[in-house]
Amino acid sequence: QLHFHRFHSTSMVLRRPSKPGEGSVGGLTAVPMAESWRGLRKRLQKPVAKGQWPGLAACVFVSKSLRLVEEIGYADLEAKSPMTRKTLMRIYSMTKCIVAAAVMQLLEAGHLDLDDELAKHLPNFQNPKVVTEGDDGMPNFSRLTPSRRPILIRHLLTHTSGISCGLAPTLDGPRQRTARERAWAGIYMPLVNRVDRGEVKDLAQWVNELAQLPLISHPGTHYSYGYSYDILGHLIEVKSGKKLESYLHDHILKPLGMCDTSFQVPCSKRLSVLYRYTKSRLWGSDGRRFRLVRVDPKKGAQSRWAKCLVPSAGGGLSSLEGGLLSTMDDYAKFLLAVTSGGQHGGVRILSEKSAEMMMSDLSSLLGSRVPSSARPYDDAGLGLSGIGELQRRGAPSWGGWFDGVPGVRQWGGAASCAFKFDPNKGQPILVMVMTQALPQDDGTTITTLLKDVREVIHAEK
(Lines give C-alpha, C1' and ligand atoms only; values in the text may rest on other atoms or scores of the structure.)
Protein backbone atom coordinates (compact mmCIF):
# COMPACT_ATOMS: atom_id res chain seq x y z
CA GLN A 1 0.00 0.00 0.00
CA LEU A 2 0.96 3.62 -0.38
CA HIS A 3 1.83 5.50 2.80
CA PHE A 4 2.64 9.19 2.96
CA HIS A 5 5.47 10.69 5.00
CA ARG A 6 5.87 14.26 6.21
CA PHE A 7 7.85 15.61 3.32
CA HIS A 8 5.74 16.35 1.22
CA SER A 9 15.69 34.87 -8.56
CA THR A 10 17.17 38.20 -7.80
CA SER A 11 19.82 38.90 -5.18
CA MET A 12 18.59 39.56 -1.66
CA VAL A 13 19.56 42.31 0.74
CA LEU A 14 20.70 40.59 3.94
CA ARG A 15 19.89 41.91 7.37
CA ARG A 16 22.19 40.98 10.26
CA PRO A 17 22.06 41.93 13.91
CA SER A 18 24.24 44.96 14.55
CA LYS A 19 26.43 42.76 16.75
CA PRO A 20 26.18 39.12 15.61
CA GLY A 21 25.57 36.68 18.43
CA GLU A 22 23.95 39.23 20.73
CA GLY A 23 20.36 39.06 21.91
CA SER A 24 18.28 36.34 23.50
CA VAL A 25 16.20 33.39 22.34
CA GLY A 26 14.04 31.19 24.49
CA GLY A 27 14.81 33.32 27.54
CA LEU A 28 18.57 32.73 27.26
CA THR A 29 21.12 35.40 26.38
CA ALA A 30 23.70 34.66 23.69
CA VAL A 31 27.35 34.39 24.63
CA PRO A 32 29.78 36.53 22.58
CA MET A 33 30.40 34.98 19.18
CA ALA A 34 33.82 33.52 18.56
CA GLU A 35 35.56 34.00 15.19
CA SER A 36 35.22 30.27 14.44
CA TRP A 37 31.44 30.66 14.05
CA ARG A 38 31.56 33.19 11.21
CA GLY A 39 32.04 30.71 8.38
CA LEU A 40 29.05 28.79 9.70
CA ARG A 41 26.91 31.95 9.46
CA LYS A 42 27.87 32.49 5.83
CA ARG A 43 26.79 28.97 4.82
CA LEU A 44 23.56 29.36 6.76
CA GLN A 45 22.66 32.46 4.74
CA LYS A 46 22.83 30.70 1.34
CA PRO A 47 19.10 30.06 0.74
CA VAL A 48 18.38 33.75 1.34
CA ALA A 49 21.39 35.01 -0.65
CA LYS A 50 20.28 32.85 -3.61
CA GLY A 51 16.74 34.23 -3.46
CA GLN A 52 15.19 30.85 -2.57
CA TRP A 53 13.93 32.03 0.82
CA PRO A 54 12.69 35.52 1.76
CA GLY A 55 14.67 35.47 5.01
CA LEU A 56 15.40 33.30 8.01
CA ALA A 57 15.86 33.30 11.74
CA ALA A 58 18.15 30.66 13.19
CA CYS A 59 19.69 29.80 16.55
CA VAL A 60 22.07 27.28 18.08
CA PHE A 61 22.17 26.07 21.69
CA VAL A 62 25.11 23.99 22.97
CA SER A 63 24.76 22.51 26.45
CA LYS A 64 21.80 24.90 27.00
CA SER A 65 24.01 27.90 26.17
CA LEU A 66 22.88 30.14 23.30
CA ARG A 67 25.86 30.24 20.94
CA LEU A 68 24.37 31.70 17.75
CA VAL A 69 21.50 33.93 16.71
CA GLU A 70 21.05 34.76 13.03
CA GLU A 71 18.38 37.00 11.48
CA ILE A 72 18.59 37.81 7.77
CA GLY A 73 16.27 38.83 4.97
CA TYR A 74 12.62 39.70 5.24
CA ALA A 75 9.33 38.49 6.65
CA ASP A 76 7.62 40.58 3.95
CA LEU A 77 9.72 41.27 0.85
CA GLU A 78 7.40 43.92 -0.53
CA ALA A 79 7.12 45.87 2.73
CA LYS A 80 10.79 45.22 3.63
CA SER A 81 9.78 44.00 7.08
CA PRO A 82 12.79 42.21 8.62
CA MET A 83 12.65 38.58 9.69
CA THR A 84 13.66 38.16 13.33
CA ARG A 85 13.45 35.76 16.25
CA LYS A 86 10.11 37.44 17.07
CA THR A 87 8.60 37.02 13.58
CA LEU A 88 5.29 35.15 13.61
CA MET A 89 5.44 32.10 11.33
CA ARG A 90 3.33 29.10 10.29
CA ILE A 91 4.95 26.05 11.89
CA TYR A 92 2.64 23.44 10.34
CA SER A 93 3.69 19.91 11.45
CA MET A 94 5.83 21.24 14.29
CA THR A 95 2.44 21.68 16.00
CA LYS A 96 2.49 17.91 16.57
CA CYS A 97 5.36 18.14 19.05
CA ILE A 98 3.41 20.50 21.32
CA VAL A 99 0.36 18.24 21.07
CA ALA A 100 2.55 15.23 21.95
CA ALA A 101 3.58 17.04 25.15
CA ALA A 102 -0.09 17.63 25.97
CA VAL A 103 -0.80 13.91 25.50
CA MET A 104 2.11 13.11 27.83
CA GLN A 105 0.47 15.36 30.44
CA LEU A 106 -2.80 13.42 30.13
CA LEU A 107 -0.94 10.10 30.43
CA GLU A 108 0.86 11.45 33.49
CA ALA A 109 -2.43 12.49 35.09
CA GLY A 110 -3.99 9.08 34.47
CA HIS A 111 -6.61 10.33 31.97
CA LEU A 112 -5.21 8.08 29.23
CA ASP A 113 -3.14 4.94 28.89
CA LEU A 114 -1.01 3.98 25.90
CA ASP A 115 -2.90 0.69 25.62
CA ASP A 116 -6.34 2.31 25.73
CA GLU A 117 -8.50 1.58 22.71
CA LEU A 118 -9.33 4.83 20.95
CA ALA A 119 -12.99 3.77 20.85
CA LYS A 120 -13.05 3.77 24.66
CA HIS A 121 -12.80 7.56 24.50
CA LEU A 122 -14.18 8.21 21.00
CA PRO A 123 -16.87 5.57 20.33
CA ASN A 124 -17.18 6.45 16.64
CA PHE A 125 -13.89 4.61 16.05
CA GLN A 126 -15.39 1.29 17.17
CA ASN A 127 -14.91 -1.65 14.75
CA PRO A 128 -12.98 0.12 11.95
CA LYS A 129 -12.84 -1.30 8.43
CA VAL A 130 -9.73 -1.42 6.21
CA VAL A 131 -9.59 -0.73 2.46
CA THR A 132 -8.08 -3.58 0.46
CA GLU A 133 -5.51 -3.01 -2.25
CA GLY A 134 -6.23 -4.27 -5.75
CA ASP A 135 -3.77 -6.05 -8.04
CA ASP A 136 -3.15 -2.69 -9.72
CA GLY A 137 -2.10 -1.08 -6.42
CA MET A 138 -5.27 1.00 -6.24
CA PRO A 139 -7.67 1.05 -3.27
CA ASN A 140 -10.64 -1.27 -3.74
CA PHE A 141 -13.52 0.43 -1.94
CA SER A 142 -15.89 -2.40 -2.77
CA ARG A 143 -13.85 -4.69 -0.51
CA LEU A 144 -13.54 -3.52 3.09
CA THR A 145 -12.24 -5.94 5.71
CA PRO A 146 -12.60 -5.73 9.50
CA SER A 147 -9.50 -4.38 11.21
CA ARG A 148 -7.37 -7.09 12.83
CA ARG A 149 -7.06 -5.02 15.97
CA PRO A 150 -8.49 -1.80 17.42
CA ILE A 151 -6.70 1.55 17.19
CA LEU A 152 -4.73 2.18 20.39
CA ILE A 153 -3.39 5.49 21.73
CA ARG A 154 0.15 4.28 21.00
CA HIS A 155 -0.84 3.81 17.33
CA LEU A 156 -1.86 7.46 17.09
CA LEU A 157 1.41 8.66 18.67
CA THR A 158 3.46 6.62 16.18
CA HIS A 159 1.44 7.27 12.99
CA THR A 160 0.54 3.59 12.78
CA SER A 161 -3.22 4.01 13.28
CA GLY A 162 -4.00 3.14 9.65
CA ILE A 163 -5.10 6.73 9.06
CA SER A 164 -3.15 8.78 6.52
CA CYS A 165 -4.06 12.20 5.04
CA GLY A 166 -5.36 14.02 2.01
CA LEU A 167 -3.30 16.11 -0.38
CA ALA A 168 -2.88 19.85 0.11
CA PRO A 169 -2.61 21.27 -3.43
CA THR A 170 -1.75 24.77 -2.22
CA LEU A 171 1.23 23.40 -0.31
CA ASP A 172 2.24 20.91 -3.00
CA GLY A 173 2.21 23.59 -5.72
CA PRO A 174 3.46 22.24 -9.04
CA ARG A 175 4.53 18.91 -7.57
CA GLN A 176 3.18 16.01 -9.64
CA ARG A 177 1.43 13.15 -7.84
CA THR A 178 0.97 9.68 -9.34
CA ALA A 179 -2.48 8.30 -10.03
CA ARG A 180 -1.92 5.82 -7.21
CA GLU A 181 -1.01 8.56 -4.73
CA ARG A 182 -4.07 10.55 -5.73
CA ALA A 183 -6.31 7.50 -5.39
CA TRP A 184 -5.22 6.64 -1.84
CA ALA A 185 -5.22 10.28 -0.71
CA GLY A 186 -8.63 10.63 -2.37
CA ILE A 187 -10.15 8.83 0.61
CA TYR A 188 -9.75 12.08 2.54
CA MET A 189 -10.15 14.74 -0.14
CA PRO A 190 -13.92 15.31 0.32
CA LEU A 191 -13.19 16.14 3.97
CA VAL A 192 -10.32 18.48 3.00
CA ASN A 193 -12.66 20.24 0.56
CA ARG A 194 -15.37 20.59 3.21
CA VAL A 195 -12.89 22.33 5.51
CA ASP A 196 -11.87 24.66 2.66
CA ARG A 197 -15.52 25.56 2.05
CA GLY A 198 -16.11 26.31 5.74
CA GLU A 199 -18.57 23.44 6.18
CA VAL A 200 -16.83 21.94 9.24
CA LYS A 201 -17.50 23.93 12.40
CA ASP A 202 -14.87 22.53 14.77
CA LEU A 203 -12.34 19.78 15.44
CA ALA A 204 -14.97 17.54 17.06
CA GLN A 205 -17.10 17.50 13.92
CA TRP A 206 -14.04 16.91 11.74
CA VAL A 207 -12.89 13.91 13.81
CA ASN A 208 -16.39 12.41 13.84
CA GLU A 209 -16.52 12.62 10.04
CA LEU A 210 -13.03 11.14 9.75
CA ALA A 211 -14.18 8.18 11.88
CA GLN A 212 -16.66 7.23 9.14
CA LEU A 213 -13.85 6.64 6.63
CA PRO A 214 -12.04 3.31 6.23
CA LEU A 215 -8.45 2.76 7.33
CA ILE A 216 -5.73 2.29 4.72
CA SER A 217 -3.87 -0.36 6.76
CA HIS A 218 -4.31 -2.44 9.90
CA PRO A 219 -3.30 -0.55 13.08
CA GLY A 220 0.26 -1.14 14.24
CA THR A 221 1.53 -2.45 10.89
CA HIS A 222 2.44 0.55 8.74
CA TYR A 223 3.79 4.05 9.37
CA SER A 224 1.38 6.36 7.55
CA TYR A 225 1.96 10.04 8.20
CA GLY A 226 -1.35 11.81 8.51
CA TYR A 227 -4.21 12.81 10.75
CA SER A 228 -3.40 10.73 13.85
CA TYR A 229 -2.34 13.81 15.82
CA ASP A 230 -5.54 15.65 14.89
CA ILE A 231 -7.44 12.81 16.54
CA LEU A 232 -5.17 13.21 19.57
CA GLY A 233 -6.02 16.92 19.54
CA HIS A 234 -9.72 16.14 19.87
CA LEU A 235 -8.95 13.51 22.49
CA ILE A 236 -7.29 16.27 24.52
CA GLU A 237 -10.54 18.23 24.24
CA VAL A 238 -12.66 15.28 25.39
CA LYS A 239 -10.47 14.37 28.38
CA SER A 240 -9.79 17.94 29.54
CA GLY A 241 -13.20 19.49 28.85
CA LYS A 242 -11.44 22.37 27.06
CA LYS A 243 -11.01 23.35 23.44
CA LEU A 244 -7.61 22.34 22.11
CA GLU A 245 -6.32 25.90 21.87
CA SER A 246 -7.42 26.61 25.45
CA TYR A 247 -5.77 23.49 26.84
CA LEU A 248 -2.47 24.17 25.08
CA HIS A 249 -2.56 27.80 26.22
CA ASP A 250 -3.27 26.95 29.87
CA HIS A 251 -0.93 23.98 30.27
CA ILE A 252 2.02 24.63 27.93
CA LEU A 253 2.08 27.98 26.14
CA LYS A 254 1.25 30.37 29.00
CA PRO A 255 3.40 28.60 31.63
CA LEU A 256 6.43 28.73 29.31
CA GLY A 257 5.80 32.35 28.32
CA MET A 258 5.03 31.45 24.69
CA CYS A 259 2.83 34.51 24.38
CA ASP A 260 2.91 34.73 20.57
CA THR A 261 1.91 31.12 19.85
CA SER A 262 -1.71 30.43 18.84
CA PHE A 263 -3.90 29.06 16.05
CA GLN A 264 -4.71 32.47 14.59
CA VAL A 265 -3.03 35.84 14.23
CA PRO A 266 -3.17 37.85 17.47
CA CYS A 267 -4.49 41.39 17.01
CA SER A 268 -1.16 42.84 18.09
CA LYS A 269 0.98 40.77 15.71
CA ARG A 270 1.66 40.80 11.99
CA LEU A 271 2.03 37.45 10.32
CA SER A 272 4.98 36.89 7.99
CA VAL A 273 4.22 36.33 4.32
CA LEU A 274 4.32 32.76 3.01
CA TYR A 275 6.15 32.52 -0.35
CA ARG A 276 6.64 29.85 -2.99
CA TYR A 277 9.92 29.57 -4.92
CA THR A 278 8.71 28.69 -8.40
CA LYS A 279 8.95 29.45 -12.10
CA SER A 280 5.50 28.05 -12.90
CA ARG A 281 3.00 30.42 -14.51
CA LEU A 282 0.23 28.47 -12.80
CA TRP A 283 1.67 29.48 -9.44
CA GLY A 284 2.42 33.12 -10.26
CA SER A 285 5.83 33.23 -11.94
CA ASP A 286 6.60 33.83 -15.61
CA GLY A 287 7.48 30.30 -16.71
CA ARG A 288 11.11 31.24 -17.36
CA ARG A 289 12.84 31.98 -14.07
CA PHE A 290 12.46 30.96 -10.46
CA ARG A 291 11.28 33.64 -8.09
CA LEU A 292 9.46 34.04 -4.79
CA VAL A 293 5.70 34.39 -5.23
CA ARG A 294 3.27 35.34 -2.45
CA VAL A 295 1.02 32.51 -1.28
CA ASP A 296 -0.54 33.99 1.87
CA PRO A 297 -1.71 36.61 2.37
CA LYS A 298 -2.33 37.59 -1.22
CA LYS A 299 -1.57 41.25 -1.85
CA GLY A 300 -4.36 43.39 -0.42
CA ALA A 301 -6.13 40.36 1.09
CA GLN A 302 -6.47 39.01 4.59
CA SER A 303 -4.43 35.98 5.66
CA ARG A 304 -6.21 32.63 5.85
CA TRP A 305 -4.91 32.52 9.45
CA ALA A 306 -6.82 35.67 10.45
CA LYS A 307 -9.51 33.33 11.76
CA CYS A 308 -8.80 29.62 12.03
CA LEU A 309 -12.15 27.82 12.16
CA VAL A 310 -10.78 24.30 12.61
CA PRO A 311 -7.48 24.23 14.54
CA SER A 312 -5.26 21.35 13.48
CA ALA A 313 -3.27 19.45 16.09
CA GLY A 314 -1.29 17.92 13.26
CA GLY A 315 -0.51 21.03 11.23
CA GLY A 316 -3.30 21.40 8.68
CA LEU A 317 -6.72 20.02 7.79
CA SER A 318 -7.42 22.26 4.80
CA SER A 319 -5.43 22.83 1.62
CA LEU A 320 -3.38 25.55 3.37
CA GLU A 321 -3.99 26.52 6.99
CA GLY A 322 -4.76 24.98 10.35
CA GLY A 323 -1.62 24.49 12.46
CA LEU A 324 -0.10 26.74 15.10
CA LEU A 325 1.61 30.06 14.49
CA SER A 326 4.75 30.67 16.52
CA THR A 327 8.09 32.45 16.65
CA MET A 328 11.60 31.11 16.97
CA ASP A 329 11.81 32.70 20.41
CA ASP A 330 8.62 30.96 21.58
CA TYR A 331 9.27 27.55 20.07
CA ALA A 332 12.79 27.48 21.50
CA LYS A 333 11.28 27.70 24.99
CA PHE A 334 9.23 24.60 24.30
CA LEU A 335 12.14 22.61 22.86
CA LEU A 336 14.45 23.64 25.68
CA ALA A 337 11.86 22.41 28.20
CA VAL A 338 11.33 19.01 26.56
CA THR A 339 15.05 18.38 25.97
CA SER A 340 15.92 19.46 29.54
CA GLY A 341 13.85 16.95 31.47
CA GLY A 342 10.51 18.71 31.15
CA GLN A 343 11.30 22.16 32.52
CA HIS A 344 12.76 25.47 31.37
CA GLY A 345 13.09 28.87 33.00
CA GLY A 346 11.95 27.50 36.33
CA VAL A 347 8.69 26.19 34.83
CA ARG A 348 7.92 22.47 34.61
CA ILE A 349 5.46 21.23 31.96
CA LEU A 350 6.36 17.53 32.15
CA SER A 351 7.73 15.24 34.82
CA GLU A 352 11.22 13.91 34.15
CA LYS A 353 9.70 10.50 33.39
CA SER A 354 7.25 11.95 30.86
CA ALA A 355 9.94 14.06 29.22
CA GLU A 356 12.11 10.96 28.95
CA MET A 357 9.26 9.06 27.31
CA MET A 358 8.66 11.93 24.88
CA MET A 359 12.32 11.85 23.85
CA SER A 360 12.35 8.06 23.52
CA ASP A 361 11.69 5.87 20.50
CA LEU A 362 7.91 5.62 20.72
CA SER A 363 7.93 3.20 17.79
CA SER A 364 9.52 0.63 20.10
CA LEU A 365 6.32 0.74 22.18
CA LEU A 366 4.54 -1.13 19.39
CA GLY A 367 5.98 -4.45 20.56
CA SER A 368 9.12 -6.54 20.95
CA ARG A 369 9.40 -7.02 17.18
CA VAL A 370 8.52 -3.79 15.41
CA PRO A 371 8.36 -4.35 11.63
CA SER A 372 10.34 -1.88 9.56
CA SER A 373 7.04 -1.00 7.83
CA ALA A 374 5.87 0.54 11.12
CA ARG A 375 8.87 2.88 11.22
CA PRO A 376 9.36 6.11 9.23
CA TYR A 377 10.35 5.48 5.63
CA ASP A 378 10.13 1.72 6.20
CA ASP A 379 13.63 1.94 7.71
CA ALA A 380 14.70 -0.09 10.74
CA GLY A 381 17.27 2.61 11.51
CA LEU A 382 14.56 5.18 12.25
CA GLY A 383 12.07 5.62 15.06
CA LEU A 384 9.60 8.28 16.08
CA SER A 385 9.89 10.32 19.28
CA GLY A 386 7.54 12.97 20.63
CA ILE A 387 9.70 15.59 18.93
CA GLY A 388 9.99 13.85 15.59
CA GLU A 389 12.09 11.27 13.85
CA LEU A 390 14.80 9.56 15.88
CA GLN A 391 17.93 8.24 14.19
CA ARG A 392 18.73 4.83 15.66
CA ARG A 393 21.84 2.72 15.16
CA GLY A 394 22.01 2.02 11.43
CA ALA A 395 20.08 5.19 10.54
CA PRO A 396 20.20 6.26 6.90
CA SER A 397 22.85 8.75 5.83
CA TRP A 398 21.65 9.48 2.32
CA GLY A 399 21.73 13.25 2.84
CA GLY A 400 18.90 15.71 3.15
CA TRP A 401 17.34 15.14 6.57
CA PHE A 402 19.42 12.13 7.50
CA ASP A 403 23.10 12.07 8.47
CA GLY A 404 23.22 8.63 10.10
CA VAL A 405 24.24 9.90 13.57
CA PRO A 406 22.41 7.84 16.24
CA GLY A 407 20.37 9.78 18.81
CA VAL A 408 19.47 12.77 16.63
CA ARG A 409 15.82 13.88 16.85
CA GLN A 410 14.43 16.07 14.10
CA TRP A 411 11.23 17.53 12.72
CA GLY A 412 10.05 20.26 10.40
CA GLY A 413 7.03 21.98 8.92
CA ALA A 414 5.74 22.48 5.38
CA ALA A 415 6.94 26.10 5.20
CA SER A 416 10.58 25.02 5.84
CA CYS A 417 10.80 25.63 9.59
CA ALA A 418 12.91 22.87 11.16
CA PHE A 419 14.92 21.81 14.20
CA LYS A 420 17.35 19.08 15.25
CA PHE A 421 18.48 17.91 18.66
CA ASP A 422 21.70 15.91 19.02
CA PRO A 423 22.70 14.53 22.46
CA ASN A 424 26.27 14.70 21.10
CA LYS A 425 27.90 12.50 23.75
CA GLY A 426 26.88 14.66 26.69
CA GLN A 427 27.33 18.04 24.99
CA PRO A 428 23.81 18.44 23.56
CA ILE A 429 23.16 20.59 20.51
CA LEU A 430 19.81 22.14 19.58
CA VAL A 431 19.59 23.93 16.22
CA MET A 432 16.59 25.75 14.75
CA VAL A 433 15.94 27.35 11.37
CA MET A 434 12.71 29.27 10.74
CA THR A 435 11.48 30.67 7.43
CA GLN A 436 8.30 30.83 5.32
CA ALA A 437 9.03 29.23 1.97
CA LEU A 438 7.49 26.52 -0.20
CA PRO A 439 8.31 23.90 -1.27
CA GLN A 440 9.55 22.48 2.02
CA ASP A 441 13.32 22.34 2.32
CA ASP A 442 14.68 18.80 1.88
CA GLY A 443 16.47 18.98 5.23
CA THR A 444 19.84 19.96 3.80
CA THR A 445 19.86 23.38 5.49
CA ILE A 446 19.22 22.16 9.04
CA THR A 447 21.44 19.08 8.63
CA THR A 448 24.34 21.19 7.32
CA LEU A 449 23.92 23.61 10.23
CA LEU A 450 24.11 20.77 12.75
CA LYS A 451 27.17 19.31 11.01
CA ASP A 452 28.90 22.71 11.03
CA VAL A 453 28.13 23.20 14.73
CA ARG A 454 29.61 19.81 15.58
CA GLU A 455 32.81 20.75 13.75
CA VAL A 456 33.06 24.19 15.39
CA ILE A 457 32.62 22.94 18.96
CA HIS A 458 35.02 20.05 18.29
CA ALA A 459 37.62 22.57 17.15
CA GLU A 460 37.07 24.60 20.32
CA LYS A 461 38.09 21.71 22.58
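**View 1. Lining of the second largest pocket in the predicted model.** By class, three nonpolar, three polar and five charged residues line the second largest pocket, with Ala, Val, Leu, Ile, Met, Phe, Trp, Tyr, Cys and Pro counted as nonpolar, Asp, Glu, Lys and Arg as charged, and the others, Gly among them, as polar. A pocket is an open set of points on a 1 Å grid over the protein atoms alone, where a 1.4 Å probe fits, with protein on both sides within 12 Å along at least five of seven lines, and lining residues have an atom within 4 Å of a point. Among the lining residues are D422, K425, R454 and E455, and α14 gives the largest share, four residues. The model is predicted, so local features need pLDDT of at least 70 and side-chain atom pairs count only at pLDDT 80 or more, whereas totals for chains, interfaces and linings use all residues. Residues are numbered from 1 along each chain as its sequence is written, and side-chain values use heavy atoms, with hydrogens and water left out.

**View 2. Centre of the largest pocket.** Of the 19 residues that line the largest pocket, P47, Q52, W53, D441 and T445 are the closest to its centre. Here α14 (444–460) is one of the elements that supply at least two lining residues, and its five residues form the largest share.

View 3. β9 pairs with β10 in the antiparallel sense over five bridges, whereas two bridges join β9 to β19 in parallel; pairing requires at least two DSSP bridges between two strands. R276 has V293 as its bridge partner in β10 and stands opposite L438 in β19.
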